[in-house]
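Reader: I am new to this structure. Can we go through it in short steps?

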Amino acid sequence: MNFPVSESVARMQGSPTIRAMKEASKLREKGVEVIDLTVGEPDFPTPDFIKEYAIEGLQKGFTKYTPSEGLKIFTESVAEFFQSQFKAKVSPNQVAATCGGKQAIFNAICSLVNPGDEVLIPKPYWVTFPEIVNFCGAKNVFIETEATEFVITLDQIKAAVTDKTKLLILNSPNNPTGRVIPENEIIKIIEFCADRNIYVIADECYLFFVYPPSKVFTCAVLPEELRKFVCIAGSFSKTFSMTGWRIGFVIADESWIKAMTKLQSHSATHPTSFVQYACAKAMQASEIAMKEVEKMLAEYNRRRNFFIPKLQTIEQIKCNLPEGAFYALVDVREMLGKNGFRASEDVASFLLNEVHVAVTDGAGFGADGFLRLSYATSMENLQKAYEKIKEAFSKF
Ligand SMILES: Cc1ncc(COP(=O)(O)O)c(C=O)c1O
């Protein structure tokens with residue numbers, strides 16, 4: 001007998017990004033050298049000063065349960081950090097600790113939407129958004145954004161809103177496009193939503209990875225009357241290269257924070273106590289912390305400026321220079337319908353099997369016909385990947 005999986009979980013799809021990583025590692029196990037551009041995580045180590053704070057936390061006895069919303073020092077440090085970096089007026093009771101940005105988004109969606117509610121999700125989107133909406137039995141309403149080069153606009157949102165719309169999910173800088181929504185457009189969108197009692201999740205997990213002249217913008221600086229409708233999902237995963245530590249946070253109105261904390265108190269309880277301590281201390285040492293972020297940003301920028309122009313020389317594909325995050329979204333639609341390529345998935349498999357370059361198919365992100373290439377890897381790997389992709393596509 002098959003396991004009687006619950007309807008809520010049966011409605012969800014497995015993660016296509018994890019699938020791509022698994023295929024690459026299977027090949028690697030056979031002894032093949034694979035260049036992996038599927039990774040959605042920084043290739044830098046966690047900065048030493050944060051590791052030292054974690055050890056200090058352990059030694060100080062931060063090894064027990066904490067409140068579900070997180071240690072006081074944690075919620076206070078997030079609030080102070082947003083004040084010092086952005087002059088945002090966030091109070092500690094508008095903050096809660098989560099086990100990464102993913103749990104932040106899970107808590108925010110599950111504590112708000114009901115079956116039948118509509119959730120607006122601009123395409124392409126991070127794979128997890130629609131699956132949590134599916135889990136809740138709500139309806140995903142996807143918004144096409146190709147006409148505006150994958151940057152959502154207020155007009156596109158207006159056209160998708162109905163009287164069932166409960167939530168909009170924004171993600172800037174975006175995974176998988178690397179695009180950044182301009183500040184004035186975000187403000188107009190949130191004003192429109194607040195006016196109609198539509199809530200907004202602002203996924204700011206790549207907040208600090210924006211390349212000049214584009215500018216970092218956090219919804220934490222919005223006036224209180226707009227922030228009532230906004231939940232910011234923040235993460236330490238990418239900012240401080242801490243993906244495995246599983247720590248993030250939400251910033252929202254106190255009533256939304258309370259609902260999310262109630263949910264979290266019956267699931268993860270809270271993120272690891274000494275990890276909360278380490279992050280709180282890191283945010284207090286904001287100058288040192290931001291120096292580390294700047295070093296990573298400069299290196300990503302160097303890779304972006306090296307890799308994307310090289311990809312642009314490959315005739316068969318199209319790729320724009322992204323303003324943020326560390327992904328390139330590559331349009332392979334001109335290759336489809338010929339040479340046995342039915343969908344971008346076939347192009348991804350071809351690259352993996354033919355030249356051992358692992359990339360992620362865009363279909364899981366609502367971007368069929370595209371591939372996502374992560375440049376969170378060494379310049380040497382990027383050079384090799386470029387040469388191999390060019391060689392593989394030169395046959396067509
Ligand atoms: C857009 C986006 N949001 C949220 C996350 C969640 O990251 P974490 O749970 O590691 O903080 C990711 C991770 O890849 C992401 O790409």
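Reader: Which residue follows H13, and what is its phi?
Author: This is a predicted model. H13 is followed by His 356. The phi of His 356 is positive, near 60°.

Reader: What span does H13 reach from its first C-alpha to its last?
Author: H13 has 12 residues. At 1.5 Å a residue, 16 Å is expected. The helix comes close to that, reaching 16 Å.

Reader: Which residues in H13 are buried?
Author: Buried here takes 20 or more other C-beta atoms within 10 Å. In H13, the buried residues are Ser 344, Val 347, Ala 348, Phe 350, Leu 351 and Leu 352.

Reader: Where does Arg 333 lie, and why does it count as partly exposed?
Author: Arg 333 sits in the loop between E10 and H13. Buried would take 20 or more neighbours, exposed 12 or fewer. Arg 333 counts as partly exposed because its C-beta neighbours inside 10 Å number 15.

Reader: How many Å separate the C-alpha atoms of Arg 333 and Lys 281?
Author: Along the chain, Arg 333 and Lys 281 are 52 residues apart. Their C-alpha atoms are separated by 47 Å.

Reader: Into which domains is the protein chain divided, and how many Å apart are their C-alpha centres?
Author: Domain 1 covers 7–45 + 290–393, and domain 2 covers 48–285. Their C-alpha centres lie apart by 25 Å.

Reader: Which element gives the largest share of the side of domain 1 that touches domain 2?
Author: Domain 1 brings 34 residues to the contact, and domain 2 brings 30. Helix H2, helix H12 and strand E10 each give two or more residues to the domain 1 side. The largest share, seven residues, comes from H12.

How values were computed: Residues numbered from 1 in each chain as written. Predicted model: local features only at pLDDT ≥ 70, side-chain atom pairs only at ≥ 80, totals over all residues. Domains from an automatic or database assignment. Contact = placed C-beta atoms within 7 Å. Helix = DSSP H or I, 4+ residues; strand = E, 2+ residues; numbered from the N terminus. Expected span 1.5 Å × (residues − 1).
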